Amino acid sequence: MAQQAYVTETVDGGSGNEHRGDRLRRATHRFLDGWRGDPRIWRRGVLLAALAVVLALVMALHAHIPNRIGNLGSLTETFLPWAGLLVPVLLVLALVRRSATALIAVLLPAAVWLNLFGGLLTDKAGTGGDLTVATHNVNADNPDPSGTAREVAAAGADVLALEELKASAVPVYEQALAPTYKYHSVEGTVGLWSKYPISRVRAVDIKLGWTRALRATVTTPEGPVAVYVAHMPSVRVKMHAGFTAQQRDQSADALGEAIAGERLSRVVLLGDLNGTMNDRSLNAVTSQMRSTQGAVGNGFGFSWPASFPMARIDQIMVRGVEPVSSWTLPRTASDHLPVAARVKLPADDS
């Protein structure tokens, strides 16, 4: 006797998808019903709501956190972008607690963080430009200075600044970079390499007692550009002293004074400032210059530590120069990541 097989066709992905969709809808309904039927959703989670408000206030009013006690303000500003990680944590806790009050309160720090840093989440890079510059703290204890030099040179920068140069390693960097850069100058522990002529090189006194900054004129096809290379003193976080940055702050003031007195209209600053653009203690520099990463970068551009970058303390800043693009270069043997930028040089009016 012949048997007839019947095949049941399903629509829109079959019964499996329909069952999963039904389960999801039922779970959603149960979740919402639990909230609607809970008279305590507005009374629960008051502590979470208070924490959300405090977080919003810390981010919004960070400039008012005093530096008198362990430079707490500067420490907060250095890692301020990471405060945003607390927002999803508070959101999850509010959902677990079924607190409508906490959920609404979490919107405050979320809005503040987006206002402060939301613009950094988009790629603002343009095209074109006249000059590519790069800077890298190569680390005095770099185990492979020759390899580091070749890797950075491969990025194609026209002008390259290196910081934390150990005297015994300078000849290694010079030899490795010679095929790419015809001109260079080293002052103390900082150096400048260029495809274009360098002149009027001098050390810049940043109140340390030894040389960690220089100023040079780079004569590009579009005319002269004043290039500063600087390595600010290191900062430390100590249990008994907080964020110790007094020497760095004094050096930043001295560097800002030197740049303020620059006669050329087109100025580029390359270096490890041991501070972020948010750190008020660098105002002497940041108030008169523009960060290429902030203006045309993609993301935060964190550069330190190289193993897990948490802050952008390696900076490229400009005045009288138009940023086009800014980015972080691949890791080398250093504990910092190199950073680079492409800039447009307007007509020289100096």
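The model is predicted, so local features need pLDDT of at least 70 and side-chain atom pairs count only at pLDDT 80 or more, whereas totals for chains, interfaces and linings use all residues. Residues are numbered from 1 along each chain as its sequence is written, and side-chain values use heavy atoms, with hydrogens and water left out.

The side chain of Arg 342 meets that of Asp 158 in a salt bridge, at 3.7 Å from N to O; the term denotes a side-chain nitrogen of Lys or Arg within 4 Å of a carboxyl oxygen of Asp or Glu. Asp 158 lies in the loop between α6 (145-153) and β2 (159-163) and Arg 342 in strand β14 (residues 339-344), so the pair ties together parts 184 residues apart in sequence. Helices (H or I, at least four residues) and strands (E, at least two) are DSSP runs, numbered from the N terminus. Asp 158 is buried, with a relative accessible area of 9%.

A search of the whole structure finds seven salt bridges. Side chains of opposite charge can pair when their charged atoms come close. One of the bridges joins Arg 280 and Glu 77, at 3.1 Å from N to O. This pair links distant parts of the chain, with Arg 280 in the loop between β10 (267-272) and α9 (283-286) and Glu 77 in helix α3, 203 residues apart. Glu 77 counts as buried, at 1% relative accessibility. Another salt bridge is formed by Asp 249 and Arg 248, whose closest N and O atoms are 2.7 Å apart.

Aromatic pairs were examined next. The structure holds six of them, a pair being defined by rings of Phe, Tyr and Trp (its six-membered ring) with centres within 6.5 Å; planes under 30 degrees apart count as stacked, over 60 as edge-to-face and the rest as tilted. Trp 82 and Phe 302 form a stacked pair, with 5.6 Å centre to centre and 20° between the planes. The two residues are 220 residues apart, Trp 82 in the loop between α3 (72-78) and α4 (86-97) and Phe 302 in the loop between α10 (292-296) and β12 (314-319). The rings of Phe 300 and Phe 302 have their centres 5.2 Å apart and their planes at 20°, so this pair is stacked. Both Phe 300 and Phe 302 are buried, while Trp 82 counts as partly exposed at 24% relative accessibility. Ring pairs link Trp 82, Trp 113, Phe 117, Phe 300, Phe 302 and Phe 308 into a cluster.

An open sheet of six strands has the order β5-β6-β7-β10-β12-β11 with mixed pairing, where two strands pair if DSSP finds at least two bridges between them. β5 (198-203) and β11 (290-291) stand at the edges, each with a single partner strand, so one side of each is left without a neighbour in the sheet. Strand β7 (residues 223-231) pairs with β10 in the parallel sense over six bridges, and Val 227 stands opposite Val 268 in β10. Helix α8 (residues 246-260) packs on the sheet and touches β7, β10 and β12, contact meaning heavy atoms within 4.5 Å. The direction of α8 makes about 175° with that of β7; axes are lines fitted to C-alpha atoms, for helices over the stretch in contact, and angles run from 0 to 180 degrees between N-to-C directions.

Technical notes:
Buried < 20%, exposed > 50% of the residue type's maximum accessible area, 1.4 Å probe, protein only.
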